[in-house]
Structures are given as structure tokens and as C-alpha cells.
Amino acid sequence: MADLRSVGESVLGAVASPWLATTSRWQRRLRVLAYHEISDAAAFASQMAFLIENFQPVTIEEAISPSLYARHRRPVWITFDDGDPSIVVAGLPVLVDLSIPATIFICPGLVDTDEPFWWQVVQAAVDAGLEPDYPVGHLKSMEDSRRRGFIADLRQRVQELTGHPPRQPQLTPEQIGLWLDEGHSIGNHTWDHPMLDQCDAEEQARQIEAADAWIQQRFSPTHRVFAYPNGNSTPRSKAVLTDLGYEMALLFDHRISNLDDRFAVSRIRVNADDSLDEFKARVSGLHPWVHHALRRS
């Protein structure tokens, strides 16, 4: 299966550039790339070099501008969800070297702690030899308070088995400051990354408002932008974001954006360790197009 996938990636990557060049509908559409961590700095550098040669990386100001398409051909906006420290440690030098702007969407409830995200607790349990009753995919569709209870119990089981709770170094305020000092930007990703569609209306508002207050108090960013955890938007979350004056909110749906709805902007899923062939196919729009065509069939 892995070999078959590799062959498929190579084929898509080989035809991505000529397909992009001859398919006018994709020329000026915004690509918002959604990363999570920098697992392979060398591969990430190759991906960014490809972007410099074939696209126009844009700043957050340019991405939210109504005149984006009039001023840029093949605009691409680099984003990172969750705030893994590797983004600053391994990714920032690459971005600085190539003068590529990017945005991190952070969860302030985890910043400056060694507390893992809830799905990392599940992985820690698996690594400790436990068999969680529910996989991560199932937990994403579980009512928020029930999921939190399950994770708390799982955390306790890991501690009893290993002698310590699960730990995961998180982004620090100093690292965020370094990121901003280099001209990059940050956005809101909720307080601690619940699935907003599994939260009641009050919790949805608390998650967004608490993170917004923390970010504004400490860093006062010029623009308010938001990324829905897991891409799960709701009418309530959109209303809260509107009331707070947010300019854009991003999904996680593996599509090229058209900006028809500023509170439902599509993003393309990418990984820092994707092969260059796969990366080319993804960012060209060919891979997302094939992906959704196959899902519809």
C-alpha cells in the first residue's frame, strides 16, 4: 500500500506543474497551507524553496485583503495550527532565510506548560501499553465534557502505570515573541483545542473569548484571525468571532480557497515531511481536487 501511494504521489507531482500552468481556474485562487509541526526541516526547506519559485507567499495582511487576487498571481499563505515548538525551533530559520511570512494559530491554555494536547494523552497511553476504549477519531465526535472526563481518566491511568503524568513541551511566550520579532503573525485557535461542534454555546464562546483576551493582552496583534480546531465551525462560533471583530476564520478541509465566506476559508493539509512530489500535488490543487472527486464517487 505504501509503495502504491508513493507511485501515486510521484505521478501527481510530475503532472502538477503543467496542470497548474494550463488550468486558469487555479491561477489566482488562494492556497492556505495548514501545517502542524516541523518533523523534517530539510524537507520543509525544499517545500518552501518550491513555493518561492512557483507561488507568491503572502503576509496575513495580504491574505485578508479584498484586493488579494488583483495584486498576486498564485498567492499562498503558510499557517501552522496548535503551536508546536518545532515551528519556531526548526521552521523559523527556514522561513527567515527565504523571507517567507507565516502565521501560527495558538491555544493559550497550553502555552508555557508541559501539558499535552488531549490527543497526545491518547498517544501517551498507547505508548505506555494501554488500550484506550476510544480512538482519537471517535473522541472528536464525543460531547465535550464527556471527552474531557475520558481524557482525565486516561491521564490518571498513564500516571499510575508510568509514575508520572503525560508530558509534552509546549510553545513559550519567549518563542512567540521571537516569532513575532521576525515579522510573522499569530492567531486564535481556541483556549485548549476542543471540538467546537461538541461544545455547548457557552463553552464555544468561552473558548474563543478567553484565547482572544490572552492574545490581545500579551501581544496586541494588528489583525484578528481564527482557525477552527479540526476545522469544525458552528453558527455560534461564527457569531462570537463576528462580535469580537475577527476578519477571517479558517477551516481544515483540504481545498483551495475562494474567499466567498471570510468565516469559512478553506485550507490544504500539508506535512513538513511530505515528499516534494506529494507537496507539489497538494499545493497545485490537483491532489485536493482528486481527493474530493474520489470521495464524491
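A crossing of two helices is right-handed if the near helix is turned clockwise from the far one by less than a right angle, and left-handed if the near helix is turned anticlockwise. The views below show parts of a predicted model.

**Figure A. Helix 2 passes helix 5 in a right-handed crossing.** The two axes come within 10 Å and cross at roughly 30 degrees. Helix 2 therefore counts as roughly parallel to helix 5, because the cut-off for that term is an angle under 35 degrees. On the helix 2 side, the residues that meet helix 5 are Ala41, Phe44, Ala45, Met48, Ala49 and Ile52. Their partners in helix 5 are Ala90, Gly91, Val94, Leu95 and Leu98. An α-helix has 3.6 residues a turn, so residues three or four places apart point the same way.

**Figure B. Helix 2 also packs with helix 12.** Here the axes are 10 Å apart and the angle is about 45 degrees. That angle makes helix 2 oblique to helix 12. This crossing, too, is right-handed. Ser46, Gln47, Met48, Phe50 and Leu51 of helix 2 meet Leu276, Phe279, Lys280 and Val283 of helix 12. Buried residues of helix 12 include Phe279 and Val283; Glu278, Ala281, Arg282 and Ser284 are buried there as well. Just after helix 12 comes glycine 285, with a positive phi of about 105 degrees.

**Figure C. The largest nonpolar core has 33 residues.** Those with the most contacts inside this core are Leu33, Tyr35, Met48, Leu51, Ile78, Phe80 and Trp179. At least two core residues come from each of strand 1 (31-35), helix 2 (41-54), strand 3 (75-82), helix 5 (86-98), strand 4 (102-106), helix 9 (173-181), helix 10 and helix 12 (276-284). Which helix gives the largest share of the core? Helix 5 does, with five residues.

**Figure D. Leucine 33 is shown with the residues it touches.** Residues up to four places away in sequence are not counted here. Leucine 33 touches Val76, Trp77, Ile78 and Thr79, which are part of its list of contacts. Also in that list are Leu51, Ile268, Val270, Phe279 and Val283.

**Figure E. Glutamine 170 lies in the loop between helix 8 and helix 9.** Is this residue buried or exposed? Glutamine 170 counts as buried, because its relative accessibility is 7% and the cut-off for buried is under 20%. Its contacts, leaving aside neighbours within four places in sequence, include Pro85, Leu110, Asp112, Thr113 and Glu115. Pro116, Phe117, Gln120 and Gln175 are also in contact with glutamine 170.

**Figure F. Two residues other than glycine, threonine 190 and asparagine 230, have a positive phi.** Most residues other than glycine have a negative phi. For threonine 190, phi is near 75 degrees. Threonine 190 sits in the loop between strand 5 (185-188) and helix 10 (201-219), and at 0% relative accessibility it counts as buried. For asparagine 230, phi is about 65 degrees. Asparagine 230 sits in the loop between strand 6 (225-227) and helix 11 (235-244), and at 28% relative accessibility it counts as partly exposed.

**Figure G. Serine 145 and proline 194 are 49 residues apart along the chain.** What distance separates their C-alpha atoms? The separation is 9.7 Å. Serine 145 belongs to helix 8 (residues 144-162). With a relative accessible area of 48%, serine 145 is partly exposed.

**Figure H. Cysteine 107 and cysteine 199 are both buried.** The relative accessible area of cysteine 107 is 2%, and that of cysteine 199 is 7%. How many disulfides does the structure have? A search of the whole structure finds zero.

**Figure I. The protein as a whole has 13 helices and eight strands.** The protein has 297 residues, of which 50% count as buried.

Methods:
Residues are numbered from 1 along each chain as its sequence is written. This is a predicted model: local features need pLDDT of at least 70, side-chain atom pairs count only at pLDDT 80 or more; totals for chains, interfaces and linings use all residues. Side-chain values use heavy atoms; hydrogens and water are left out. Helices (H or I, at least four residues) and strands (E, at least two) are DSSP runs, numbered from the N terminus. Buried means under 20% relative accessible area, exposed over 50%, partly exposed in between (1.4 Å probe, protein chains only). A nonpolar core is a set of buried Ala, Val, Leu, Ile, Met, Phe, Trp, Tyr and Cys residues joined through side-chain atoms within 4.5 Å. Contact means heavy atoms within 4.5 Å. A disulfide is a pair of cysteine sulfur atoms within 2.5 Å. Axes are lines fitted to C-alpha atoms, for helices over the stretch in contact, and angles run from 0 to 180 degrees between N-to-C directions. Angles under 35 degrees count as roughly parallel, over 145 as roughly antiparallel, 65 to 115 as roughly perpendicular and the rest as oblique.
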